[in-house]
Amino acid sequence: MTGVHKKIWSRWLALGEKIGDLVMLCVLTVSYFVLFLIPSLYFTWGADTVGKQYRDGSYFEEMPDRDDTPREAEEMA
Amino acid sequence: MKVLGISCHYHDSAAALIVDGVPVAMAQEERFSRIKHDAGFPSRAIDFVMKGKSPTSPDYVVFYEKPFLKFERFIRSAVSFFPGSYGQFREGMARYLKEKLWIKAEIKQKLQVRDDQVLFVPHHYSHAASAFFCSPFRESAILTVDGAGEWTTTAIGRGLENRIELLKEIRYPHSLGLLYSTFTAFLGFRVNDGEYKVMGLAPYGKPVYVDDVLRLIDIREDGSFRLNLKYFSFHTSLTTPYSRAFPDLFGEPRRPDRDGTFDQRHADIAASIQQVTEDVLLKLARTSRELSGSKNLSFAGGVALNSVANFKLMKEAGFDHIFIQPAAGDAGGAPGAALYVYNHVMKNERRFVMDHAYYGPGYTDADTGAFLAAEKILHTRYGDDELLRVVARKIADGEVVGFFQGRSEWGPRALGNRSILADARRPEMAKRINETIKFREPFRPFAPSVLDGDAPALFDIPPGESPARFMQLVCPVRETVRKENLLPAITHVDGTARPHIVFKKTSERYYRLLQEFKTITGIGCVLNTSFNLSGEPVVESPADAYRTFCGSGMDLLVLNNYVVENNGKH
């Protein structure tokens, strides 16, 4: 590939990246407002939500038990 | 068994290689990339740690957190704070989709390992292991406090032999680390970088805003707490961690471009958040002591780098010994995750105590000589004894020396191998180094390195295993020393200092330099600050050291046994 070809190719790549970012932005925006609206209503009025716990006594929570096997350590969650 | 630990994609990426339970090499990516707090995949750090021991693949590669758990927190948080979380969701989701969710594939591809060789350890277990499995304790209370892991922001538990058990936690968004970071941003410093500047600013103020800080955080007697989210926006915004209600309490934020200048109000705010942080940590530490029944504490997480608070824990939390690993923040997750798998998951006996921090790359005299020759730099080579005598004399005469030797330090502190050294007895030295060498804010204090035998006479260091081994403890300078103004360059405005205790067993050459200095001056203590310019990572190679030497007002550069004087600057 000559220098001119490389230059043209890198321009196309940069343009493709910009278009990809724009498409991702649109998808994320739509999915955020469409998918999260109903769950957010549920979490706001229907259940205990992130950061909104009020309680007497300690704010500590018990930590979940762990199996601590190599198998569990393979899990990403 | 070779276990490679990795931390990355948040801040302070690092890699650590553990061979049969013993760390043989550890390094942060920033030292190689020269990007401070580099968060990228630590390819260069991995190259270094793997080549250091063996070119073959590791048996396991362990990542320092559970990416899907963190992603769950991100999504739930975005839903919960809908629609305010849109900006954070948009930016954060792009990052997750582009890199964070594919860490397993990235590791497999870059390190050529199988699926079952890649393991994941929860963030706070990595922190806990980085402290407990490096400590000299057979059993210990464990406290981890940082910004946020997956969900956990604070955890307390206990360690026994090769087991770690975390019992209680505080969950995101309630976070002491994020509270401190919010004030860091409000005071015009960079989050995840300027927290120690807030700590350095605090002694200039009075804690008159404590009542206002307590409107942001509800603290219970056991140290557990929750934040009043009305004053914060770190859960919705990527740029500003405090909400519009925050300045109603504390006034206008300090502008980031006001380098080095501050009002009394800023110092008072810093003093107030520092005091509240210390109070919470003290309560948390006492709870961990009660839960574990231990007289030892292993403390980790970014908040464990708050060396002022660490003194309060040593004095008042009821522990005999406290261990804090030098890279207590996220970088420490790399060795922590690897040690957790080796000791706890694989049930191997512990074989390691961290008594020094020299795990980075080292450069031989031949490497250094070749560099100096290639760059045509004027230099003189000395034998060991003569070198130490010459350097000690130069420091005593008021020269500022860039001191580079052996393997680089693990963690943010320079502990004598990548250090700038000066005479702590000279009152003008702090101002000179801040203004002409490090180019940083005038209020920033300097730390001393002190011979272990001389430390108790100069500083009020509590007995027992002490974080001062790794410069993690701010303690009072002895009154006699203060009255006679013996160490003005390293005594903070409030009469404290952050000593680095030097032991012959672990830092022999540096120890001998301090002994030479003591022979000349009668004091086994020098000013020691990290070998870098403001905003840059600590130097790694002779080339980095020489570049920094040329870009600053240092008088002398020592590269192993070679000395470059001021006239050798290009």
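Helices (H or I, at least four residues) and strands (E, at least two) are DSSP runs, numbered from the N terminus. Contact here means that the C-beta atoms of two residues, placed from the backbone, lie within 7 Å.

Before going on, please keep in mind that this is a predicted model, in which local features need pLDDT of at least 70 and side-chain atom pairs count only at pLDDT 80 or more, while totals for chains, interfaces and linings use all residues. Residues are numbered from 1 along each chain as its sequence is written, and chains are lettered from A and ligands numbered from 1 in the order in which they are written.

Back to the sheet. Eight strands of chain B form an open sheet of mixed pairing, in the order β13-β22-β21-β14-β15-β20-β16-β19. At its edges are β13 (380–381) and β19 (500–502) of chain B, each of which pairs on one side only; strands count as paired if DSSP finds at least two bridges between them. Within this sheet, β14 (401–404) and β21 (556–559) of chain B pair in the parallel sense over four bridges, and G402(B) has L557(B) as its bridge partner in β21(B).

Now step back to the whole of chain B, with its 20 helices and 22 strands. The radius of gyration of chain B, taken over C-alpha atoms, is 23 Å, close to the 25 Å that the globule rule gives for 570 residues, so chain B is as compact as a globular protein of that length. That rule is 2.2 Å times the number of residues to the power 0.38. Buried residues make up 57% of chain B; a residue is buried if 20 or more other C-beta atoms lie within 10 Å of its own, exposed if 12 or fewer, and partly exposed in between.

What lies inside? A nonpolar core is a set of buried Ala, Val, Leu, Ile, Met, Phe, Trp, Tyr and Cys residues joined through C-beta atoms within 7 Å. The largest one has 181 residues, among which V49(B), A338(B) and V341(B) touch the most other members. Helix α11 (264–292) of chain B gives the most to this core, with 10 residues. A second, separate core of eight residues includes F36(A), F74(B), F82(B) and F89(B).

G223(B) sits in the loop between β9 (217–219) and β10 (225–227) of chain B. With 26 C-beta neighbours inside 10 Å, G223(B) counts as buried. Leaving aside neighbours within four places in sequence, G223(B) is in contact with V280(B), K283(B), L284(B) and T287(B).

Finally, look at where the chains meet: 27 residues of chain A are in contact with 39 residues of chain B. On the chain A side, α1(A) provides the largest share, 10 residues. Two bridges join β1(A) to strand β8 (163–171) of chain B, and these strands run antiparallel. Here E61(A) has E169(B) as its bridge partner in β8(B).
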